[in-house]
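Here is my note on the model. Please keep the structure open while you read.

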Amino acid sequence: MAATRTRVSSFSRNVSTVTSQNSGLKHGPNGTIFLSSGIPDLDKILGGGFSLGSLVMIMEDAEAPHHMLLLRNFMSQGLVHKQPLLYASASSRDPKGFLGTLPAPASSKEEKTRDHTHEKDLRIAWQYKKYFGDPQLNISSNNGAQQDYCNDFDLRKPLDRHYFSGMNVDCLSIQDSSNLSSLQDRCSEFLSQFSRNEGNISSAGRVAIQSFCSPQCKYADMEWHMLSFIRSLKGMARSSNAVVVVTFPPSLLSPSCSKRFQHMADTLLSVRAIPDEDKEMAKLLTGYQDMVGLLNIHKVARLNTQVPVILEATTFSIKLQKRRYLVLECLNQAPVDGSTGSSYNTSSGCSGSTKAGTLDF
């Protein structure tokens, strides 16, 4: 019996494989490999997490440090997976002290209780259930256990010191730096450890840069210098098995520089605080009293594909469930007539009229 030969396409290419021992990585479509953001809901919205080799930029809100919620979970998730971390801070001369504020992963029992409560209380429109309903639709871990890829983090419980006391954490203060040369050298040295030339990915790195263009930095008025650094950083990230997250305050930049920053990001997010008492917004949104902020997704990384990522929702409310767990929910508009039921208009009229009849344009 003749042996069966497998036809190999001339367009085939070598694709890096993930070792089964590393639960912190997950395969996606078109050869994309994901790192978890540290927020289960955000991973589901993005289709798996942050793409390996991508630059993620988070626009800060001048009114509240909500960007730190995202940054802390991102850093904690990497440390739990024993992924090397480079952390640079512009707001502190002792960045190692910030590691003591990172949240700890919830126990398996707490995660099950949280998942049950979250699925029960989550009020979302039917078209968003593919992001929040069944976790098997968009995200799964390498061995079938979701918590192995992305954990729930208890914001009231600090991360154990043994996670960041080893040699896999590098901290750098850029508060008094007159230029970005030292930061660029450290990033280059760190990312060179995760070169994509190797076919087998045994580990991945994470880079977290907080408040990049903070006024405490002496280079804060050197906009072209900062743009050049971000462009170089994106190139280094693209050729490595790592994810780089940079937070920056856009209000401190000129409009043109801020637009360039946003354009260079692979994944672009922004956070915004919610006023304590906004009666008009409270009438428009259900569950307003439980919100602590808003998350906007402006752009999602498109690696290994030219097909754009189209989200059915781009704005989500940030809530702290039981004052411990960070959750994201789709915004629901409250019924304008005071009635109960679905927050979305079910009328067939294009004008939004509640009267049945012909289409009204």
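1. Basis. This is a predicted model, in which local features need pLDDT of at least 70, side-chain atom pairs count only at pLDDT 80 or more, and totals for chains, interfaces and linings use all residues. Residues are numbered from 1 along each chain as its sequence is written, and side-chain values use heavy atoms, with hydrogens and water left out.

2. Nine strands form an open sheet in the order 9-6-11-12-5-13-14-15-16, with mixed pairing. Strands here are DSSP runs (E, at least two residues), numbered from the N terminus. Two of them pair if DSSP finds at least two bridges between them.

3. From one strand to the next, the twist averages 20°; axes are lines fitted to C-alpha atoms, and angles run from 0 to 180 degrees between N-to-C directions.

4. Strand 5 (residues 55-59) and strand 12 (residues 242-248) run parallel, joined by five bridges. Methionine 59 has phenylalanine 248 of strand 12 as its bridge partner.

5. The loop. Lysine 322 lies between strand 15 (315-321) and strand 16 (325-330). Arginine 323 is found in the loop between strand 15 and strand 16. Lysine 322 is not a glycine, yet its phi is positive, about 55°. Arginine 323 also has a positive phi, near 60°.

6. Lysine 322 is partly exposed, at 49% relative accessible area. Arginine 323 is exposed, at 63%. Exposed means over 50%, buried under 20%, and partly exposed in between (1.4 Å probe, protein chains only).

Notes: Helix = DSSP H or I, 4+ residues; strand = E, 2+ residues; numbered from the N terminus.
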